[in-house]
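Subject: Structure handover

Hello,

I am passing on the structure below, followed by notes on what was found in it. Please keep it open while you read.

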Amino acid sequence: MHNEMVIKRGMAVEKLVRVLAAAPAMIFGLYPRKGTVDIGCDADLVLFDPKISRRIRNEDLHQGTDHTIFEGWEVQGFPKMTLSGGKILVEDGVWVGPDSDGQWLARQIDPAVIQGPAV
């Protein structure tokens, strides 16, 4: 997303963060518990280096699938570290966190989203 929206299309990084974090949390009724960094909030953080250039390879990703539609894409910007609940999960591309440490959050689409205009 950084490569396509910020690098190629000139979107402000702050707007990209709103689109990827705050907006989904609002749509699913989880804001401000999720989607913002503030006292009392449950923030998962990605420390991102916008200067790193990489080719995306599925074997470098930490996900529950055996493929990525982005395989082979050359991108500028890549995560250096991912933290959740104050714990480091991924550091320099290596998974160092526990196998399972997530928490399921009940969510519901905000009625204002459902009643709003289709875009």
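Threonine 68 sits in the loop that links strand E1 (44-55) to strand E2 (74-84). The model is a predicted one. Threonine 68 has a relative accessibility of 14%, and because buried means under 20%, this residue counts as buried.

The side chain of threonine 68 makes a polar contact with the backbone nitrogen of phenylalanine 70, at 3.1 Å. Leaving aside residues up to four places away in sequence, threonine 68 is in contact with Ile56, Asn58, Leu61 and Gln63.

Now the chain as a whole. The protein chain has 3 helices and 4 strands, and their order along the sequence is α-α-β-β-β-β-α. Its C-alpha atoms occupy a box of roughly 40 × 35 × 30 Å along the principal axes.

The protein chain has 119 residues, and 18% of them count as buried; threonine 68 is one of the buried residues. The accessible surface of the chain is about 8,900 Å², with 58% of that area belonging to carbon and sulfur atoms.

On contacts: taking those between residues at least 6 apart in sequence, 47% connect residues at least 24 apart.

Regards

Key: Residues are numbered from 1 along each chain as its sequence is written. This is a predicted model: local features need pLDDT of at least 70, side-chain atom pairs count only at pLDDT 80 or more; totals for chains, interfaces and linings use all residues. Side-chain values use heavy atoms; hydrogens and water are left out. Helices (H or I, at least four residues) and strands (E, at least two) are DSSP runs, numbered from the N terminus. Buried means under 20% relative accessible area, exposed over 50%, partly exposed in between (1.4 Å probe, protein chains only). Contact means heavy atoms within 4.5 Å. Accessible areas come from the Shrake-Rupley method with a 1.4 Å probe; for residues, only the protein chains shown count as cover. A polar contact is a pair of N or O atoms within 3.5 Å; within protein, one must be able to donate a hydrogen and the other to accept it, and residues adjacent in sequence count only if both atoms are side-chain atoms.
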